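Here is a friendly walk through one protein chain, taken a piece at a time. Have the sequence and the model open beside you as you read.

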Amino acid sequence: MQEDMYSVEQVAALLGLHVRTVRSYIRSGRLNAVRIGKQYRISRSDLEQLTGRPTEPAHTAGAVEVSSIVQIDGVDRSAADRLGTLVLAGVGADRTLRVQTVHDEDRKRLKIIVIGEMAETAEVLQLLDSVLNSESGLFTAE
């Protein structure tokens, strides 16, 4: 029988902690974890040992996670900062959705990486679509 494994982000969400706090627990030895590549995985039994209580399974039937990369060309630093701030503000305190922005100044290209549940990811993509296709002037490609 294979044991459930949690990511640092999942443990943080389950315990209501910041991701850095969970990583600190791992580094100090308070929470056992296995390093796989650049990421840690925490077994269900190790999490239960830390909390002293049973933990719900990490994966439920039908759970779906979506990864999306939006590439926008013709974006200067100022527009990239505005778009990045807008997307991160739109996500808010949602801990299950992960968003990262990368701007290439030389190519004037912005990439927005969104990883999370399907409905939440779709909302972020709709937000981007409405901003990029609006005539409000918030974003103007060169």
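## Where two helices meet

Let us begin at a helix pair: Val11, Leu14 and Leu15 in H1 meet Leu47, Leu50 and Thr51 in H3. Meeting here is contact, that is, heavy atoms within 4.5 Å. The axes of H1 and helix H3 (residues 44-51) come within 12 Å and cross at roughly 35 degrees. Those axes are lines fitted to C-alpha atoms, for helices over the stretch in contact, with angles running from 0 to 180 degrees between N-to-C directions. The crossing of H1 and H3 is right-handed, a term used if the near helix is turned clockwise from the far one by less than a right angle.

A word on the source: this is a predicted model, in which local features need pLDDT of at least 70 and side-chain atom pairs count only at pLDDT 80 or more, while totals for chains, interfaces and linings use all residues. Residues are numbered from 1 along each chain as its sequence is written, and side-chain values use heavy atoms, with hydrogens and water left out.

## The chain as a whole

The chain has five helices and six strands, and along the sequence they follow the pattern β-α-α-β-β-α-β-α-β-β-α. Helices (H or I, at least four residues) and strands (E, at least two) are DSSP runs, numbered from the N terminus.

Of the 142 residues, 28% count as buried; buried means under 20% relative accessible area, exposed over 50%, and partly exposed in between (1.4 Å probe, protein chains only). The chain exposes about 9,200 Å², and carbon and sulfur atoms supply 49% of that area, computed by the Shrake-Rupley method with a 1.4 Å probe. Among contacts with a separation of 6 or more, 61% come from residues 24 or more positions apart.

Three strands form an open, antiparallel sheet in the order E1-E3-E2; two strands pair if DSSP finds at least two bridges between them. At the edges are strand E1 (5-7) and strand E2 (34-36), each pairing on one side only. Neighbouring strands of this sheet are turned by 40 degrees against each other on average, direction ignored.

Three bridges join E1 to strand E3 (residues 39-43), the two running antiparallel, and Tyr6 has Ile42 in E3 as its bridge partner. Helix H1 (residues 8-15) lies across E1 and E3, running at about 90 degrees to E1.

E4 and E6 pair over nine bridges, with Ser67 opposite Ile115 in E6.

Seven bridges join E5 to E6, and His103 stands opposite Leu110 in E6. What sits in the turn between E5 and E6? These strands form a hairpin with four residues between them, and Lys108 in the turn has a positive phi of about 50 degrees. Most residues other than glycine have a negative phi. At 30% relative accessibility, Lys108 counts as partly exposed.

Leu83, Leu86, Val87, Gly90 and Val91 in H4 meet Val124, Leu127, Leu128, Val131 and Leu132 in H5.

A nonpolar core is a set of buried Ala, Val, Leu, Ile, Met, Phe, Trp, Tyr and Cys residues joined through side-chain atoms within 4.5 Å. Of the 15 residues in the largest nonpolar core, Ile72, Val75, Leu83, Leu110, Ile112, Val124 and Leu128 touch the most other members. Strand E4 (65-73), helix H4 (77-91), strand E6 (109-117) and helix H5 (118-132) each supply at least two residues of this core, and the largest share, five residues, comes from H4. Apart from this core lies another, of eleven residues, among them Ala12, Tyr40, Ile42 and Leu47.
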